Amino acid sequence: MTDVIDETLSSHNKTPEPVPEAGMFGLAVNAVGIVFAIGILVSAGLLFYEVVLRYVFNAPTKWVHETVVFLSAIAFVFGGLYAAAIDKHIRVVLFYDRLSTGMKRLFDVAISLACLVASLFFAWAAWLSVKRAAWTPQGDFRLETSGSAWNPPYPGLLKVFLFVIMILLAIQFAIFTVNYLRKKAK
């Protein structure tokens, strides 16, 4: 009994690894994930810093709130790519789990292909947003800013980041599609 408990506890403490079908790209996404995890920890530290400054010293900052929102937003956006690489994205398995191995392979190909197409459509939509957020009507490069007293370019940066992540997500789903097609039916 204790062996089962120890095995269960140790499996929950492991860092998720990308599935083999994610390829080297999935390994790279997994490795970069630590940067965004650290960003969440930095956000928590900044929030603590802001609370102390605001309520202990009555000296609130202008920059902490927007920085925390930005760090959290990019971590959230990256999380979609990360979840795809480790194959932990949301799925409905009511029927999928009942399929034979060969049918699961066909479904994996079809799902990956559908996700690839959807990612490309979202990348296109993100690009339309980037065009408005990164260039003036005259064609000069200028990132959209928040409009606050501090006025950082976080909104523009976030839109560019979303576009890049959608392209990377499309690449990940293309890799999945190819690797599921190559996978031999059992």
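This is a predicted model: local features need pLDDT of at least 70, side-chain atom pairs count only at pLDDT 80 or more; totals for chains, interfaces and linings use all residues.
Helix α3 spans residues 64–85 and contains 22 residues. From its first C-alpha to its last, α3 reaches 31 Å, close to the 32 Å expected at 1.5 Å a residue. The helix bends by about 30 degrees at glycine 79. Aspartate 87 follows α3 and has a positive phi, near 60 degrees.

Three salt bridges were found in a search of the whole structure. In one of them, the side chains of lysine 183 and glutamate 21 meet at 3.0 Å, N to O. This pair links distant parts of the chain, 162 residues apart. Lysine 183 lies in the segment after α5 (154–182), whereas glutamate 21 sits in the loop between α1 (2–12) and α2 (23–55). Lysine 183 counts as partly exposed because its relative accessibility is 36%. Glutamate 21, at 13%, counts as buried, the cut-off being under 20%.

Another salt bridge joins arginine 54 and glutamate 50, at 2.8 Å, N to O. Both residues belong to helix α2; they are four residues apart, so about one helical turn separates them. In an α-helix, residues three or four places apart point the same way, because there are 3.6 residues a turn. Arginine 54 is partly exposed, at 35% relative accessible area. Glutamate 50 is buried, at 10%.

Lysine 159 and glutamate 144 also form a salt bridge, with their closest N and O atoms 2.7 Å apart. Here, too, distant parts of the chain are linked: lysine 159 is in helix α5, and glutamate 144 is in the loop between α4 (101–134) and α5, 15 residues apart. Lysine 159 is partly exposed, with a relative accessible area of 26%. Glutamate 144 is partly exposed, at 31%.

Definitions and conventions. Residues are numbered from 1 along each chain as its sequence is written. Side-chain values use heavy atoms; hydrogens and water are left out. Helices (H or I, at least four residues) and strands (E, at least two) are DSSP runs, numbered from the N terminus. The expected span of a helix is 1.5 Å times one less than its number of residues. The bend at a residue is the angle between axes fitted to the seven residues ending there and the seven starting there. A salt bridge is a side-chain nitrogen of Lys or Arg within 4 Å of a carboxyl oxygen of Asp or Glu. Buried means under 20% relative accessible area, exposed over 50%, partly exposed in between (1.4 Å probe, protein chains only).
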